[in-house]
Amino acid sequence: MDISKPATTVTCWVDLYSDKMYTWALHKTSSIEIAEDLVQETFLAAFQSIRKFEGKSEPQTWLFAILNNKIAEHFRKQFRNPAITESQSDTSIFDTLFDANDQWLKEQRPKQWQDEQTNLLDDAAFIKILQACMGKLPGNWMAAVRLKYLEEKKGELICQELGITPTNFWQILHRAKLQLRKCLEVNWFTP
Amino acid sequence: MKKLMYYLMLSCKKATELIEKRTLVKLSFKEKVQLRMHKSMCDACTAYEMQSGKIDELLHKHIHNVSVDNAATLNNEALKETIINNIPNN
């Protein structure tokens, strides 16, 4: 690799790795537009900081490290987006599930699910429902859920990066989980 | 005894909150006891906990499922072209 010609090098990397990176980003973000933007930004960042890449690692490893940072940054931004932070304090999900004493409403009490299937994730129909249910979550609830599973980090660390208290974070996750569970139950698992 | 029971009583809403909280941070001793007591009396929250764990597992696997090499790679020629055209001095 000749890093004295960054444009040539990066062009070559685009040819070799951009499809893989796009596939990865699309899977993580579920949005064509966002995935394309993030891959584009990654190559631009790679081009600008190519001197830092000293061939110590595989180009693919380096590029994916940048891309993963961009994906996490995207969800952090989405989480903080003031246009959607109203939903942060949206507690209406509680009213649909719990009574005035915060006990389960009679018809909402979770019952055992009848699911015999072990490899649900191999079932395209289930994946479709899972994605649809994720899509129904308010934007920053979804960002919180994504960040929780995306970053193999301790809760405290995610909160630091988001600039919120842990309490705030798990309360959002609590509401998101309640809604997600309900959606999956209605559409897939029948008690 | 009544006082103690009151101290340890949780609502279902609070119990489900602790179930989620536990996946991120360690619960205090009091919270652990409260949750265990609550579950011993509440089938609904016990079922919730199992289902919540299942959803965690599914989401975790789903989000990490595509490893770089075994993914069915999608082609995006238009994207390639855009990126290459946007690289300076090209």
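## Helix H1 and A:Thr11

Helices (H or I, at least four residues) are DSSP runs, numbered from the N terminus. One of them, helix H1 of chain A, covers residues 6-29 and holds A:Thr11. The model is predicted: local features need pLDDT of at least 70, side-chain atom pairs count only at pLDDT 80 or more, and totals for chains, interfaces and linings use all residues. Residues are numbered from 1 along each chain as its sequence is written, chains are lettered from A and ligands numbered from 1 in the order in which they are written, and side-chain values use heavy atoms, with hydrogens and water left out.

A:Thr11 counts as buried because its relative accessibility is 17%. Buried means under 20% relative accessible area, exposed over 50%, and partly exposed in between (1.4 Å probe, protein chains only). A:Phe47 lies 36 residues from A:Thr11 in sequence, with a C-alpha to C-alpha distance of 9.4 Å.

## Disulfide and other cysteines

A disulfide is a pair of cysteine sulfur atoms within 2.5 Å. The count over all chains is one. A:Cys133 and A:Cys183 form a disulfide, S to S 2.0 Å. The pair links distant parts of the chain, 50 residues apart. A:Cys133 sits in helix H5 (residues 124-135) of chain A, and A:Cys183 in helix H8 (residues 166-187) of chain A. The torsion about their S-S bond is about -80°, so the disulfide is left-handed. Both A:Cys133 and A:Cys183 are buried.

B:Cys45 is in no disulfide. Its nearest cysteine sulfur belongs to B:Cys42, 3.7 Å away. B:Cys45 counts as buried, at 0% relative accessibility. A:Cys12 has a relative accessible area of 40%, so A:Cys12 is partly exposed.

## Cavity

A cavity is a set of points, on a 1 Å grid over the protein atoms alone, where a 1.4 Å probe fits but cannot get out; lining residues have an atom within 4 Å of a point. Grid points are joined across faces, edges and corners, and a volume is the space filled by probe spheres set on the points. There is one cavity of 30 Å³ or more. The largest cavity has a volume of about 50 Å³.

Its lining includes A:Val145, A:Tyr149, A:Leu173 and A:Leu180, along with B:Glu20 and B:Leu59. Helix H6 (139-150) and H8 of chain A are the elements that give two or more residues to this lining. H8(A) gives the most, with four residues. The lining divides into six nonpolar, no polar and three charged residues. Ala, Val, Leu, Ile, Met, Phe, Trp, Tyr, Cys and Pro count as nonpolar, Asp, Glu, Lys and Arg as charged, and the others, Gly among them, as polar.

Notes: On a 1 Å grid over the protein atoms alone, a cavity is a set of points where a 1.4 Å probe fits but cannot get out, and a pocket is an open set with protein on both sides within 12 Å along at least five of seven lines; lining residues have an atom within 4 Å of a point.
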